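Reader: I would like to learn how labels are given to parts of a protein model. Can you take me through one?

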Amino acid sequence: PHQLPDEVAWAIKAPVGSGGDATGRLELWGSGIVGTIPRLPFSARILHLQGNELTKSIPTEIGASPNLHIFFADNNELTGKLPTELGNLDPVRFQYLHLQKNLLTGAIPTQTVCFGFMRRFDLSDNSFS
């Protein structure tokens, strides 16, 4: 297993035709990563962290990532409640959320109304009330 540092060095890429709008992408699915979800940089856009051994709660700082488009952290061992800060994400940009097969609990926060605008989200196989 591999441990991620608290802050991850992100590969910053400027997509073709973006006018220099750099975006951050972290793709570590099935990489044997243990520990917690690392602190996200402001530029985080795509997070693929599924199929690892991530534990503890989803950091509330995720709601301060204005460019976040995709967040996949399914098939881990994440615990706790969904952060209400997910409701701070831009409902036009934030389109994909996969958190199935974790150990998440509690009620799904009403602040997360952006879920209704998403293309795909999956919260199954958790213990939501």
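Author: Among contacts in the chain (heavy atoms within 4.5 Å) between residues at least 6 apart in sequence, 51% join residues at least 24 apart. This is a predicted model, where local features need pLDDT of at least 70, side-chain atom pairs count only at pLDDT 80 or more, and totals for chains, interfaces and linings use all residues. Residues are numbered from 1 along each chain as its sequence is written, and side-chain values use heavy atoms, with hydrogens and water left out.

Reader: Why does N52 count as buried?

Author: Buried means under 20% relative accessible area, with a 1.4 Å probe and protein chains only. N52 has 7% relative accessibility, so N52 counts as buried.

Reader: What does N52 touch, not counting residues up to four places away in sequence?

Author: N52 touches L28, W29, G30, S31, G32, I33, N75 and N76.

Reader: What lies 3.0 Å from a polar atom of the side chain of N52?

Author: The backbone nitrogen of G32 does.

Reader: Where is N52 found?

Author: N52 sits in the loop between β5 (44–48) and β6 (53–56). Strands are DSSP runs of E, at least two residues, numbered from the N terminus. The chain has 12 strands and zero helices.

Reader: Which residues have the most contacts inside the largest nonpolar core?

Author: They are L49, I58, F71, F94 and L99, in a core of 24 residues. A nonpolar core is a set of buried Ala, Val, Leu, Ile, Met, Phe, Trp, Tyr and Cys residues joined through side-chain atoms within 4.5 Å.

How values were computed
Buried means under 20% relative accessible area, exposed over 50%, partly exposed in between (1.4 Å probe, protein chains only). Helices (H or I, at least four residues) and strands (E, at least two) are DSSP runs, numbered from the N terminus. A polar contact is a pair of N or O atoms within 3.5 Å; within protein, one must be able to donate a hydrogen and the other to accept it, and residues adjacent in sequence count only if both atoms are side-chain atoms.
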